[in-house]
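Please look over the sequence and the structure shown here before reading on. The report that follows takes up one chain as a whole, then an interface, then a few single residues.

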Amino acid sequence: MTSLLSLLAVVSAVAGILLLWLVLRKFFTIPVSLVTTILVVFGTNYFCWIFFDGATPHNFLFTLFAAVILFTINWQRDLKWLWLIPMLPVVVLACFIHDLSVFILFVPLLWGIYDRTSWLATRRRIMEQPQQYLFLMLIVVLAFGLTRFAWFAEPGTAFYFGDREASVYPLIAANFHLILFAFNKGWFIYTPMMMLVFPGLYLLAERNRTIFFGLFFFFLSWFLLAASHPMWNAGAGFGQRFFIETYAVLAIPLGYLMQWIFQKKIWIRVFLLTLPAFFLLLNLFQTWQYTQKIIVAENMNREYYWAVFGQCVADSSGMNLLINHKVVLKERIPATGKYRISRIAGWDFETPATGSGSLNDTTIYHGGKGSWLLSKAKPYSPGLSKTINAISPLDSVWLRVNAWLYFDCHPDENCVNLVFTCIHKSAPYKYIAHNLAGKLKARTWNYISFDYQVPEYYPDRDDELTVYFWNSGERDCFLDDITIELFEPLIRK
Amino acid sequence: MKMLTRKQKWFDVTFFVLLFAGMIGLSSSLMYKDGKPATPGVFFSDKSQYYVYLPATFIYHWDIKTFPSRIDTVYKSFVLDDKKDKLVIKVTYGVALLAAPFFLVTHGIAILSALPADGFSDFYEKMALITPVFYLVLGLFFLQRFLARYVKRNVAYLTIFFLLAGTNLFHYGLVEGWMSHVFSFFLFSLCLFLLKGFLDGGKRSYGKFLFIALVVSMAVLIRPTSILLLLWLVLLDVRSFREVGERILFFLRPKYSIPFALTGFVLFIPQFLYWHYLSGSYMFYSYPGESFLFWKNPMLTAVWFAPLNGLFLYNPLVLFMVAGIVLMVCRRIPNGWFLALFFLLNSYLIASWHAWYFGGSYGCRPFVEYYALFALAFALLLSQVVHARNLFVRSGLILVMLLCSLYNLKIIYNPLWNTSSTWAWDDFRNYLDTEDIIHFRKDSYTHINDFENISFDPSVNQTRINVHSPTKACHIFPTFLFNCNYARALGHSLDRKVTRITVSCFIDPFMSDSSGGGMVCSVENSKRELLLYKWYPFNRYGTKQFRWTEISASIDLPFWMNDDNNIFRFYILNEKRTHFLVDDIVVKFK
């Protein structure tokens, strides 16, 4: 299955690049199209995502978007069903991959409309070919409507990403500067080539008004929603993932900039091309840095970025910069990842001798006949305490702790914490305490599950990692059936 | 002048009636949540001063003994002075005059419906929402008519949309409508509309002139600084200094100047009578201790850019008004210099006022009424934008304007009572972040107390005797042992754990070289157990009489002290119970 997906990813990437070339050739000469294609493929993080993480939605969406643009151009040229019908499966498939893909329909919908005269011309075309435009509306309805099934699955959310927390858009691009300029995942920091799209949009508006609004509104809607998304940094990876598929569209304004440059005298042309050339080389070098884990997949910061800028190795002082700036958020094992799962610790509290100071209770239990009492006098549970190396020699490993809790006080008074921490020479780092106060129900067994990523950069592999429950309050709480699972990434051989 | 067609007139009427209905709905939703007041009240604080003239005149007939008991303590602004048997109101009666018809209708309904007809009941508060909204919409109507003389009708409509959605006019129309600003805005818009009609008409209508005189006098009555409107009569649409001279001579003719002065005088008679009732004198300055204190060194930068109610920071759309003014000046469009002059003059007046930040307000509120004038610059800019040939420039600029409006509305819908200092950027950043308006990374947090803003800490006595910056310091009296108290949970400061805290302040022990005081930093856990206590006596830093000395210290927090719930405290300990001055306290979390 994995091999098939990889094969599909390769096919998609090749098709995407080919379609991009065909689209660009509709507007530009061969040299301009060639340079633009090279800049998009090798000068942006699309390169990293197709060559090193090919089987991702971005790769497929890039191809599908390029196809929609090509079909639109051909359809608008001679208004033949031949080009309109394939748009339906392409758009619907894109929408199922990522429901924001519905915005690509701005391209055919707004094609040729930019003022009153052009609107009247479009209206005439609609009158001439009402069935085709009705079919286009059908595509809109299906593309939008089918993805709304998610709405029924998760009522109250306008856009659904399988995560209620991440589905709420604050409707203003509250993260606009972070998504562009943050050293964690800033688009212009890791893909500066795309800054050239903006002068390109100016030139596009000057030279080809017919397609301007379709492209502009597509990009605008995509950008505003991406910048409003609570998870704007879009998880691990190189650069800003949110925009990769949009490069299929943004290649056109970039092409107009190249066209403008190619119309200049040779020495001006060479001078102006140094900037995209620099961005291209920078992208290739940073992609290499990413593959060598010099640029890390998550939690980059300004200090670390500049410490490793242009470097072929990352020293320990650089790594400390990463650790010191680690942003501790609620961690989750990525749903898209493939892992080998093994149980590395567990306590069912069936035998009285479990842990220090036998505190097993046989009156309340979840499974079997015993549980563990967390009280003010004995606030800590038995837990995991191993070196990072002993847990797993691999990188990017996760722990998942599952347990059952029972208490009869008010939920706010139940001050039990699940603590994860790494310790280097008695000093803790990446300390996370999940406070459960107010989050559980009284007088019933509550199931909890929390994830913790073992730090990818640590001072020493012999640092100790500990996991335990801690009752910091006055009231008793019972614990039962604790399991700690290890998630090790499956490595392709 | 092009006359409106019947269809356009109907459109205007329908649009503004619908706008009025919509604004009433919005105002109610902002002021009341689930039928209960969402704010301290429609008349709370200063707003009650403008309003209280009405119940005092029509219900209580200025007999303060008949007022509801201790009603002044509810609204915390006007005073029922039992000793002198007077109702003390700082502001003038102009707003009350404009609102009187609405009040009388409300009072009539209350009597007929057997509701409590005391002028302060819930019914009066709810009905009072209508008055400012009415004047807001009417002001926008006249402004649209005025702008349509300079730009196309659709641009004029777009301008009033942006003005409403993108500036604090929205807030002062719908949320704090009973402040004077929306009433002044209406009068300013009406004045511009009438003046344009008066100046453009072939034969200048005398009736229109008298109406202008009434409107200007009314505006001055509401806010004395509106006397500047007289300059509008002289400067609107002039193209040369010669025209200015001609216009002055025109309005100085007895036919115009005497009725103008008489109108103003007649309108002020009730005010003179009130001042006589209050002080025994017909002329009375009702703002004791408040003046244009900074006329020599106005706080212009702060008025425009400070997180403490800075004009541009809260109303970024005003930047487009400024851009419009610049465009008008550069392209020699008439009124360019006039608008530039007024922008600077108004900024200067605000920046010279002793409380330049107009405490407890949203954005820079004295600008609200002047938007009527600056809307002209915005409209001309917008006209250029919507007719820009390049679609990207056109769409991009309109998009930025829309985002500015959205930003403004987000702030209004997540109200902020700004208690921070002049340049407390991090507090403003945290506010934007918390309210999901703009998210930021919080790698460090700096708390600043420059003692400029209103303080609710009883130990803080603001003084202007000797200041470090910008206009106030804190006078430490022997009364309090613990002064300038500040506390913050360590978990609320940064995206990560706090590892270092640096503190600093400036001291002037003006009684002698030694103040005997000191700076205290402590960390305590959630059970209030002390984890860290550091005492920095000022004497150790070589303080000198009448000289500001910086006291600074840095604390590295050990990891075990770094719990999110632990609280960092800072205060000035006046151990010897002496007098000294403190200014510019800075606490930085890293």
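## A residue with positive phi

In this predicted model, B:N309 is found in chain B, in the loop that runs between α14 (300–305) and α15 (311–314). The phi angle of B:N309 is near 60 degrees, which is a positive value in a residue other than glycine. B:N309 is also buried, because its relative accessible area is 4% and the cut-off for a buried residue is under 20%.

## A second case in chain B

B:R577 likewise has a positive phi, of about 55 degrees, although B:R577 is not a glycine. This residue belongs to the loop between β13 (567–573) and β14 (580–589) of chain B. With a relative accessibility of 40%, B:R577 counts as partly exposed, whereas B:N309 is buried.

## A cis peptide bond

Another backbone feature of chain B is the cis peptide bond that joins B:S469 and B:P470, for which omega is about -25 degrees. B:P470 lies in the loop that links β6 (462–463) and β7 (473–476) of chain B.

B:W548 sits in the loop between β11 (530–537) and β12 (549–556) of chain B. Is B:W548 buried or exposed? B:W548 is buried, because its relative accessible area is 18% and the limit for that class is under 20%.

When residues up to four places away in sequence are not counted, B:W548 touches several residues of chain B, among them B:N466, B:H468, B:F506, B:D508 and B:L581. B:V467 is also one of the residues that B:W548 touches, and the backbone oxygen of B:V467 lies 3.4 Å from a polar atom of the side chain of B:W548. The C-alpha atoms of B:W548 and B:F510 are separated by 9.3 Å, although these two residues are 38 places apart along the chain.

## Chain A as a whole

Chain A has 19 helices and 10 strands in its secondary structure, and 52% of its 493 residues count as buried. Among the contacts in chain A between residues at least 6 apart in sequence, 74% join residues that are at least 24 apart. The accessible surface of chain A amounts to about 22400 Å², and 64% of that surface belongs to carbon and sulfur atoms.

A:L490 is found in the segment after β10 (477–489) of chain A, and A:L490 is partly exposed, with a relative accessible area of 49%. Leaving aside residues up to four places away in sequence, A:L490 touches A:K338, A:Y339 and A:R340.

## Where the two chains meet

The size of an interface is often given as the accessible area lost when the parts come together. Chain A and chain B bury about 2400 Å² between them, with 64% of this area on carbon and sulfur atoms, and 29 residues of chain A are in contact with 23 residues of chain B.

How many salt bridges does the rule find across the interface of chain A and chain B? The rule finds one salt bridge, which A:E206 forms with B:R389, and the closest N and O atoms of this pair are 3.6 Å apart. Six residue pairs are in polar contact between chain A and chain B. The elements of chain A that give two or more residues to the side touching chain B are α11 (176–181), α13 (197–207), α14 (209–228) and β7 (427–435). Of these, α14(A) gives the most, with six residues. By class, this side of chain A has 20 nonpolar, six polar and three charged residues.

Key
Residues numbered from 1 in each chain as written. Chains lettered and ligands numbered in written order. Predicted model: local features only at pLDDT ≥ 70, side-chain atom pairs only at ≥ 80, totals over all residues. Heavy atoms only, no water. Helix = DSSP H or I, 4+ residues; strand = E, 2+ residues; numbered from the N terminus. Buried < 20%, exposed > 50% of the residue type's maximum accessible area, 1.4 Å probe, protein only. Contact = heavy atoms within 4.5 Å. Areas by Shrake-Rupley, 256 points an atom, 1.4 Å probe, with all protein chains shown as cover. Buried area = accessible area lost by both parts, 1.4 Å probe. Salt bridge = Lys/Arg side-chain N within 4 Å of Asp/Glu carboxyl O. Polar contact = N/O pair within 3.5 Å; in protein donor to acceptor, adjacent residues only side chain to side chain. Nonpolar A, V, L, I, M, F, W, Y, C, P; charged D, E, K, R; others polar.
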